[in-house]
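Please look at the sequence and the model below. The paragraphs after them go through the structure part by part.

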Amino acid sequence: AAYADPIVPTGELGSALAIKLVNNLLFSCNAQLLAAATQLGQTLGVDSTALLSAVQVCSSASHAAAQAHRIGGIEQFAERATPFLRKDIAAALEAAGEAGVDLGLLGLVVESGPLAL
């Protein structure tokens, strides 16, 4: 409890690491989708700050969107988060390769989004 709260039982040895890798990959996908949504909003003439503010109270709210909004926009978020996202994606790719597992749609989103991850 001093390290994490809540503590979530995950199953067999190694399952917590697998969950962490999937979670980190999903966060990277959320960042890519947020960047794409911001681009679309700008194309439609929507101020990105207004978009990020509105998203916080809508059904597409996410931790990535909250962080981007908190620090001033997707550009600042990308600048700060990209090194960590790249590390997390590399770890997920390595683990998936070792397990012989394809990342599927998550891998596609990470690869094809507007952020250089």
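On one side of helix α5, Leu105, Glu111 and Ser112 are exposed. Here exposed means over 50% relative accessible area, buried means under 20%, and partly exposed is in between, with a 1.4 Å probe and protein chains only. On the other side of α5, which spans residues 104-112, Gly107, Val109 and Val110 are buried. These three lie on the same side of α5 because they cover an arc of only 165 degrees around the axis. The arc is taken from the directions that run from the helix axis to the C-beta atoms. The cover over the buried residues of α5 includes α1 and α4.

The model is predicted: local features need pLDDT of at least 70, side-chain atom pairs count only at pLDDT 80 or more, and totals for chains, interfaces and linings use all residues. Residues are numbered from 1 along each chain as its sequence is written, and side-chain values use heavy atoms, with hydrogens and water left out.

Gly107 belongs to helix α5. Gly107 counts as buried because its relative accessibility is 9%. The C-alpha atoms of Gly107 and Ala92 are separated by 9.4 Å, and the two residues are 15 residues apart along the chain.

Now consider the protein as a whole. It has 5 helices and 0 strands, and from the N terminus on the order is α-α-α-α-α. Helices (H or I, at least four residues) and strands (E, at least two) are DSSP runs, numbered from the N terminus. The C-alpha trace spans about 50 × 35 × 25 Å along its principal axes. Of the 117 residues in the protein, 30% are buried. Among contacts with a separation of 6 or more, 61% are between residues 24 or more positions apart. Contact means that heavy atoms lie within 4.5 Å.

In the segment before α1 lies Pro6. A cis peptide bond joins Asp5 and Pro6, with omega about 5 degrees.

Next comes helix α1. Ser28 is in this helix. Is Ser28 buried or exposed? Ser28 counts as buried, because its relative accessibility is 0%. Leaving aside its neighbours within four places in sequence, Ser28 is in contact with Leu85, Ile89, Val110 and Leu117. One of these, Val110, is also among the buried residues of α5. Ala37 is partly exposed, because its relative accessible area is 36%. Between Ala37 and Leu51 there are 8.9 Å in space, C-alpha to C-alpha, and the two are 14 residues apart in sequence.

Helix α2 covers residues 48-55, and Ser48 lies in it. In α2, Ser48, Leu52 and Val55 are buried. Seen down the axis of α2, these buried residues fall within an arc of 65 degrees, so they line one face of the helix. The cover over the buried residues of α2 includes α1, α3 (63-71) and α4. Ser48 has a relative accessible area of 16%, and therefore counts as buried. Apart from neighbours within four places in sequence, Ser48 is in contact with Thr38 and Gln42.

What about the cysteines? A disulfide is a pair of cysteine sulfur atoms within 2.5 Å, and by this rule the count comes to 0 disulfides. Cys29 is buried, with a relative accessible area of 3%, whereas Cys58 is partly exposed, with a relative accessible area of 42%.

The last topic is empty space. Rolling a probe the size of a water molecule over the atoms shows where such space is left. On a 1 Å grid over the protein atoms alone, a pocket is an open set of points where a 1.4 Å probe fits, with protein on both sides within 12 Å along at least five of seven lines, and lining residues have an atom within 4 Å of a point. The largest pocket holds about 200 Å³ of space. Its volume is the space filled by probe spheres set on the grid points, which are joined across faces, edges and corners.

Which residues lie nearest the centre of the largest pocket? They are Ala18, Leu21, Ala92, Ala95 and Ala96, out of 14 lining residues. The elements that give two or more residues to this lining are α1 (15-43) and α4 (74-99). The largest share, 7 residues, comes from α4. By type, the lining of the largest pocket divides into 12 nonpolar, no polar and 2 charged residues. In this count Ala, Val, Leu, Ile, Met, Phe, Trp, Tyr, Cys and Pro are nonpolar, Asp, Glu, Lys and Arg are charged, and the others, Gly among them, are polar.
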